[in-house]
Amino acid sequence: MQVLQNRLQLKDFRLIRAIYETGQLAIAAERMSLTQPAASRMLASIERMVGMTLFVRHPKGMTATPAGEILARNAAGLLNGLEQTLQEVTAVTSGKAGSVRVGSVTGGAVAFVVPAIQKLKANAGAADIYVDVAPSDVLIQGLIDGEYDFVLSRLPPGTDSRQFNILTGRVEIIRFLVRDGHPLATRKKLRLGDLSNFEWVMQAPRTPLRHAIEEAFLSQGLPSPQETVNTTSLLVMISYLTSSDAIAPITQEVVELLGPKGFGGRIAALDLADSVVVTPYHLISRKHQMMSPLATRLRELVFAGLASGRHRE
């Protein structure tokens with residue numbers, strides 16, 4: 001049996017299966033792109049290796065012996081498994097299957113990662129795609145630890161940028177959300193000073209969005225918001241807004257996602273005279289990292305979206 005395992009080849013199994021299915025050596029030979037004498041010699045060689053007859057010849061064709069039945073049945077499983085394996089390998093190497101893990105800040109996930117995934121899935125339905133939304137320091141540490149193929153993130157202060165491939169991204173414009181019916185909801189061209197005395201719900205200190213808010217107040221000689229609830233959860237933020245007079249800073253992309261009647265018209269965006277902008281986030285991956293074809297395709301689609309967005313601006 002060990003000799004049989006070592007010597008039978010895929011072409012032998014293909015011939016056995018072809019003869020079994022057709023019952024005719026000539027048709028099996030044609031299916032194999034062989035001449036009939038060549039197929040006959042190959043079958044004779046297989047039977048010598050096996051040490052028994054696999055097919056009984058008769059005037060109307062060939063019938064499998066019990067040993068031939070077993071080999072033909074197992075040949076079908078072997079060849080089907082091989083075909084499935086080759087299909088999976090082809091799908092993975094062409095970027096149509098496999099898995100990819102992406103991390104992103106909120107605005108980047110909404111504006112660029114989601115549309116890129118939708119384009120990718122149009123012809124990569126077997127792909128497993130994982131997306132995490134988190135602050136930049138968490139994303140960069142996850143990238144360093146190998147948790148992500150790439151991220152849309154800012155570089156936290158003190159991070160050595162030389163370990164990364166960095167493709168320039170874009171800035172985020174901050175909008176300010178309140179509940180419908182908020183005292184400021186219908187006012188036009190508000191100043192930051194008009195927002196000072198309200199409660200705020202926003203990201204924690206030292207995050208880029210929070211820093212941008214504090215810098216904006218400081219630049220106008222105003223104290224930073226004092227009464228704050230800190231959260232990175234959009235759902236917590238929205239829930240808090242709908243039941244209070246709090247103000248929540250959020251990126252323009254998320255506001256556009258919510259739409260003019262966000263959460264059933266329960267949320268409104270304030271009209272500010274001056275824009276508040278967060279420092280740019282970038283498309284970042286590790287240098288010398290072997291990225292799968294699927295991850296490479298998704299990164300290219302995200303970057304194409306970023307480039308298109310900058311062009312529109």
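Reader: Let's take leucine 306, then: what does it touch?

Author: Setting aside residues up to four places away in sequence, leucine 306 touches Phe112, Leu152, Gly169, Arg170, Tyr281 and Leu283, where contact means heavy atoms within 4.5 Å. Please bear in mind that this is a predicted model, in which local features need pLDDT of at least 70 and side-chain atom pairs count only at pLDDT 80 or more, while totals for chains, interfaces and linings use all residues. Residues are numbered from 1 along each chain as its sequence is written, and side-chain values use heavy atoms, with hydrogens and water left out.

Reader: OK, and which residues of the largest nonpolar core touch the most other members?

Author: That core has 28 residues, and those touching the most other members are Val100, Phe150, Val151, Leu152, Leu298, Val302 and Leu306. Strand 3 (97-104), helix 6 (106-121), helix 7 (136-144), strand 5 (150-153), strand 11 and helix 12 each supply at least two of its residues. A second, separate core has 22 residues, including Phe13, Ala29, Ala39 and Leu71. By nonpolar core I mean a set of buried Ala, Val, Leu, Ile, Met, Phe, Trp, Tyr and Cys residues joined through side-chain atoms within 4.5 Å; buried is under 20% relative accessible area, exposed is over 50%, and partly exposed is in between, with a 1.4 Å probe and protein chains only.

Reader: How many helices and strands are there in the protein?

Author: The protein has 12 helices and 11 strands, taken as DSSP runs (H or I of at least four residues for helices, E of at least two for strands) and numbered from the N terminus. Of its 313 residues, 40% count as buried, and among contacts with a separation of 6 or more, 74% are accounted for by residues 24 or more positions apart.

Reader: Back to helix 7: is serine 136 buried or exposed?

Author: Serine 136, which is placed in helix 7, is buried because its relative accessible area is 5%. A polar atom of its side chain lies 3.1 Å from the backbone nitrogen of arginine 154. Beyond its neighbours within four places in sequence, serine 136 is in contact with Val105, Ser153, Arg154, Pro156 and Pro208.

Reader: And arginine 191, what does its side chain pair with?

Author: The side chains of arginine 191 and aspartate 274 are joined by a polar contact of 2.8 Å, a term for a pair of N or O atoms within 3.5 Å where, within protein, one must be able to donate a hydrogen and the other to accept it, and residues adjacent in sequence count only if both atoms are side-chain atoms. Arginine 191 sits in the loop between strand 6 and strand 7 and counts as partly exposed, because its relative accessibility is 46%. Its C-alpha atom is 9.8 Å from that of glutamine 220, 29 residues apart along the chain.

Reader: Switching to backbone angles, what is the phi of arginine 206?

Author: Phi of arginine 206 is near 75°, a positive value in a residue other than glycine. Arginine 206 lies in the loop between strand 7 (200-202) and helix 8 (208-219), and it is exposed, with a relative accessible area of 80%.

Reader: What about histidine 288, where is it found?

Author: Histidine 288 is in the loop between strand 11 (276-286) and helix 12 (293-312). Its phi is also positive, near 60°, and histidine 288 counts as exposed because its relative accessible area is 83%.
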